[in-house]
Amino acid sequence: MRPDDCFSPDYGSARRRFLDASAAAGATTEAIAHPGRGPGGEALAMDVAWFGPADAERVLLTCSATHGIEGFCGSAGQIAWLAGGRLRELPPGIACMAVHAVNPYGFAWQRRVNEDNVDLNRNFIDHAAGYPENAGYDELAETLCPRSLDEETLAATQRALEAFEAERGPTAWLNAVVKGQYRHADGLFYGGRAAAWSNRTLRALLGRRLGAARQVAYIDFHSGLGPSGYGEPMSSHPYGSAAFRRLRDWYGDEVTSTGDGSMNFVENDGDSINAVVESLPQAEVTGICLEFGTLPEWDVLNAMRRENWLQFHGDRESRQGRDIVAGLRAAFYGETPAWKRSIVERSLEMQAKAVAALAAS
Ligand SMILES: [Zn+2]
């Protein structure tokens, strides 16, 4: 399959391509229906492809579209693997489980968040334990998400945000803006006030299908952070932990964590790696977010700010609305031949490394 053929123009096409590739590879599939509908009235689902023994103790688990619109990238990474013929060469005793569109609503509607404006990677926390405060976000809430999108407001808020970053420093900036917040339901990086459908569904799925697993290599595909086309393996496994040491053994020194001084990643207990670890207490989980770069950070953030305004104050069907959605798409999906090729090559490389590590474990 050519790299270009792994990518899809919309959620419905990606879903069909994933199911076709799964069937061709001899995988069994399961569709878990989402209660919502896509913009064309299409059904939405979290689709699961399984290849290998049902009671495998060593499993490669991949997820796409945890951040809806990032599914353009992640879906292709999964399809490339399914279509690449490598499943038939899996070492004995190893299974692969690919979960397509963890957040199908966001993928279909081309939003990064879910049906409740929730950022799922801030939602996998313990909701009974209360919510972390984020005073920095409280302070910036109206500046990040102004009620008007006119040029004057955009320029003034941009100055205010850059001033906050310059005065408080990069760590305070990242903690305020991207760490996550649980107070502003119409804001950015909102973690929600209850476990979302995707959160509950994923946890139940993992418990049901991976009960026999002892070693789980987990890859959650993301896009929109870092150098264009580069796939950075990031993990919330603490620096120095046994899981982090395994990551370095398996994937090399490129793996970054919350504790290694990298400014690209802010500590956050609510990501999907946390959900996999908690759902599989019997297993040793070794998880990464494979994060593919697209545009410069400010371009990505501003695309998110505009799209958030559109959701709460604009009209998605207007010309302005379509432009804003196209801007968000460009912030998370490279769409050039070179970008697509690098996503496919890196995705294949990382999944092959995961399988090799499982085989050696
Ligand atoms: Zn993401």
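Strands S1 and S2 form a hairpin in which five residues separate the two strands, helices (H or I, at least four residues) and strands (E, at least two) being DSSP runs numbered from the N terminus. In the turn, Gly41 has a positive phi of about 80°. The structure is a predicted model, in which local features need pLDDT of at least 70 and side-chain atom pairs count only at pLDDT 80 or more, while totals for chains, interfaces and linings use all residues. Residues are numbered from 1 along each chain as its sequence is written. The pairing of S1 with S2 is antiparallel and extends over seven bridges; two strands are taken to pair if DSSP finds at least two bridges between them. Within this pairing, Ile32 stands opposite Met46 of S2.

Strand S3 (residues 58–63) and strand S4 (residues 94–100) run parallel and are joined by six bridges. Arg58 has Ile94 in S4 as its bridge partner.

Residues are in contact if their C-beta atoms, placed from the backbone, lie within 7 Å.

The axes of helix H7 (residues 197–209) and helix H9 (residues 272–279) come within 9 Å and cross at roughly 40°. H7 is therefore oblique to H9; angles under 35 degrees count as roughly parallel, over 145 as roughly antiparallel, 65 to 115 as roughly perpendicular and the rest as oblique. The crossing of H7 and H9 is right-handed, a crossing being left-handed if the near helix is turned anticlockwise from the far one by less than a right angle, and right-handed if clockwise. Asn199, Leu202, Arg203, Leu206 and Gly207 of H7 make the contact with Ala275, Val276 and Ser279 of H9. These residues comprise four nonpolar, three polar and one charged; Ala, Val, Leu, Ile, Met, Phe, Trp, Tyr, Cys and Pro count as nonpolar, Asp, Glu, Lys and Arg as charged, and the others, Gly among them, as polar.

For helix H2 (residues 71–83) and helix H12 (residues 337–360), the axes come within 9 Å and cross at roughly 60°. The crossing of H2 and H12 is right-handed. In the contact, Cys73, Ala76, Gly77, Ala80 and Trp81 of H2 meet Ile343, Val344, Ser347, Leu348 and Gln351 of H12.

Methods. Axes are lines fitted to C-alpha atoms, for helices over the stretch in contact, and angles run from 0 to 180 degrees between N-to-C directions. Two residues are in contact if their C-beta atoms, placed from the backbone, lie within 7 Å.
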